[in-house]
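This report describes the fold of a single protein model. Please have the sequence and the structure at hand while reading.

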Amino acid sequence: MTLVQLEYIIAVDTYRSFVAAAEKCFVTQPTLSMQIQKLEESLGVKIFDRSRQPVVPTEIGEKIIEQARTVLTESKKIAELLQAERGELTGDLRIGVIPTVAPYLLPNVISNFLKKYTKLKLHIWEYTTEQIIQELKLGTLDCGILSTPLHEPSIQETPLFYETFVAYVSERSGLFGKKAVGPDELSEDKLWLLNEGHCMRGQVLSICNYKHNHSLEGTFDYNTGSVETLKRMVDLNGGITILPEMSIVSYNDEQMQHIRYFKSPEPVREISLVTPQNYVKKHAINTLKNEILNIVPERFKSRKKKEVMGFSL
């Protein structure tokens, strides 16, 4: 049994295809298949059911692959120990970020990384929360930045900050004349929401206690994954939407006239750095955490007089 063979069976399990796994491992498909067959022969069991498409592990194969992931993760920690001893930060860091955080947080973080850590390459994907969790479990991501709590036993959460939700209100809305709004008042007007699959949608519905006025929704339903689109829909069609506070940092005075903060306790979302429970690249991930904390406003780092909004996937 070799680490390479373990890497191959993990790849086939991840991509459910011998061809795709070979491409990801940068070997030919016959080479990969031969090594997996050798491993199966040495163990005396079949790891994959090749009669099914896409290919799936056998019952014992699932247990072997789970252990193989643990073995490979532990083996990678040796190289990580050496890097830390030398004070190096090299290699690749694969990060998944939810779309309602990425454009407002990452540009400054990336800029700092490019200046300070020239030997570390960042690979960043904008995924939904559900996708990030899945990719972390498969090992195709090293960490994620998303809203928590997740209530996932296999995922470790490190809270970074608490971002306030604010209301973006049309001039035609009855809430426009108010200095601050309460959650119960949101049902008075059309509420523009992100589409299904985004955790922020669930958090906004939690703020409203699911009482927004369906009779005001009109003759169409607009589905979007973009916070900026929500704001634009309010500008053109009236109503209100809920935005994360970091998205309004660059707003001018005219745009800020549409912003209404919530009465205390302010609804917030908890943004965390998440990893598998047993993970590698701790030095790089800890550096990422510190760079994020360096650029986040101090007021975001306290939960005082704030209510964390939950959601369900």
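This is a predicted model: local features need pLDDT of at least 70, side-chain atom pairs count only at pLDDT 80 or more; totals for chains, interfaces and linings use all residues.

An unreviewed UniProt entry lists residues 1-58 as "domain: HTH lysR-type".

The buried residues of H1 are Gln5, Leu6, Tyr8, Ile9, Ile10, Ala11, Val12, Asp13 and Thr14. These buried residues pack against helices H2 (18-25), H3 (29-43), H4 (59-86) and H6 (129-138), as well as strands E1 (48-49) and E2 (56-57). Just after H1, arginine 16 adopts a positive phi of about 55°.

## Helix H10

Helix H10 comprises the 14 residues 282-295 and reaches 20 Å from its first C-alpha to its last, close to the 20 Å expected at 1.5 Å a residue. Its buried residues are Ala284, Ile285, Thr287, Leu288, Glu291 and Ile292. They lie on the same side of H10, because they cover an arc of only 155° around the axis. An α-helix has 3.6 residues a turn, so residues three or four places apart point the same way.

The partners of the buried residues of H10 include helix H5 (102-116) and strands E3 (91-97), E4 (120-126) and E5 (143-148). Strands E6 (155-169) and E11 (266-276) also pack against these buried residues.

## Nonpolar cores

The largest nonpolar core has 67 residues, of which Leu105, Ile145, Phe161, Ile242, Leu288 and Ile292 touch the most other members. Strand E6 supplies the largest share of this core, eight residues. A second, separate core of 20 residues includes Ile9, Leu32, Ile36 and Ala68.

Leucine 288, beyond its neighbours within four places in sequence, is in contact with Leu93, Ile95, Val109, Phe113, Cys143, Ile145 and Leu273. In soluble globular proteins, nonpolar side chains tend to be buried together.

## Strand E11 and its partners

Strand E11 is mostly covered, with ten of its eleven residues buried. E11 runs antiparallel to E5, to which five bridges join it, and serine 147 stands opposite isoleucine 271 in E11. E11 is also antiparallel to E6, with nine bridges between them; there, glutamine 156 has threonine 275 in E11 as its bridge partner.

With strand E12 (residues 306-308), E11 pairs in the parallel sense over three bridges. Valine 268 has valine 308 in E12 as its bridge partner.

## Cis peptide bonds and positive phi values

A cis peptide bond, with omega of about 10°, joins threonine 148 and proline 149. Proline 149 is in the loop between E5 and E6. Another cis bond runs from serine 264 to proline 265, with omega near 0°. Proline 265 is placed in the loop between strand E10 (259-262) and E11.

Phenylalanine 26 is not a glycine, yet has a positive phi of about 60°. This residue lies in the loop between H2 and H3, and phenylalanine 26 counts as exposed because its relative accessibility is 77%. Histidine 151, in the loop between E5 and E6, likewise has a positive phi, near 60°. At 67% relative accessibility, histidine 151 counts as exposed.

Technical notes. Residues are numbered from 1 along each chain as its sequence is written. Side-chain values use heavy atoms; hydrogens and water are left out. UniProt positions are given in the numbering used here, feature names are shortened, and annotations may be inferred rather than shown by experiment. Helices (H or I, at least four residues) and strands (E, at least two) are DSSP runs, numbered from the N terminus. The expected span of a helix is 1.5 Å times one less than its number of residues. Buried means under 20% relative accessible area, exposed over 50%, partly exposed in between (1.4 Å probe, protein chains only). The arc is that of the directions from the helix axis to the C-beta atoms. Contact means heavy atoms within 4.5 Å. A nonpolar core is a set of buried Ala, Val, Leu, Ile, Met, Phe, Trp, Tyr and Cys residues joined through side-chain atoms within 4.5 Å. Two strands pair if DSSP finds at least two bridges between them.
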